[in-house]
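Here is a short report on one protein chain. Look at the fold first, then at the sheet, then at the overall dimensions.

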Amino acid sequence: MKMYIGSDGWPFYQQEDGTLTDTPNACDCDLTYDSLDQLLSYDEDAREATLDERKRWSKVRYEHKTSFGKVK
């Protein structure tokens, strides 16, 4: 799954259907773009995430899940 970073630092995940969501699981998202082109039309500085950014956001998601008791 490709990951993009908005100019504000927020991650977006490209789903199989081409949409971009603010969470890896499209069912849990709060914000969706119909396509990468749509994201870029609102945020021309958005870019593909680096490996370090992917690792950082993976850790953030894990910590969030453990804080709310979803992972034991």
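In what order do the elements of the chain run from the N terminus on? The order is β-β-β-β-α-β-α. This is a predicted model. Its secondary structure amounts to two helices and five strands. The radius of gyration is 12 Å, close to the 11 Å that the globule rule gives for 72 residues, so the chain is as compact as a globular protein of that length.

**The sheet**

The five strands form an open sheet. Across the sheet the order is β4-β3-β2-β1-β5, and the pairing is antiparallel. At the edges are β4 (32–33) and β5 (47–48), each of which pairs on one side only.

Strand β1 covers residues 3–5, and β2 covers residues 11–14. Three bridges join these two strands in the antiparallel sense. Y4 stands opposite F12 in β2.

**The helix across it**

Which strands does helix α2 lie across? Helix α2, residues 51–67, lies across β1, β2 and β5. It runs at about 95° to β1.

**The chain in numbers**

| Property of the chain | Value |
|---|---|
| Span of the C-alpha trace along its principal axes | about 40 × 25 × 20 Å |
| Residues that count as buried, of 72 | 28% |

How values were computed: Residues are numbered from 1 along each chain as its sequence is written. This is a predicted model: local features need pLDDT of at least 70, side-chain atom pairs count only at pLDDT 80 or more; totals for chains, interfaces and linings use all residues. Side-chain values use heavy atoms; hydrogens and water are left out. Two strands pair if DSSP finds at least two bridges between them. Helices (H or I, at least four residues) and strands (E, at least two) are DSSP runs, numbered from the N terminus. Contact means heavy atoms within 4.5 Å. Axes are lines fitted to C-alpha atoms, for helices over the stretch in contact, and angles run from 0 to 180 degrees between N-to-C directions. The radius of gyration is taken over C-alpha atoms; the globule rule is 2.2 Å times the number of residues to the power 0.38. Buried means under 20% relative accessible area, exposed over 50%, partly exposed in between (1.4 Å probe, protein chains only).
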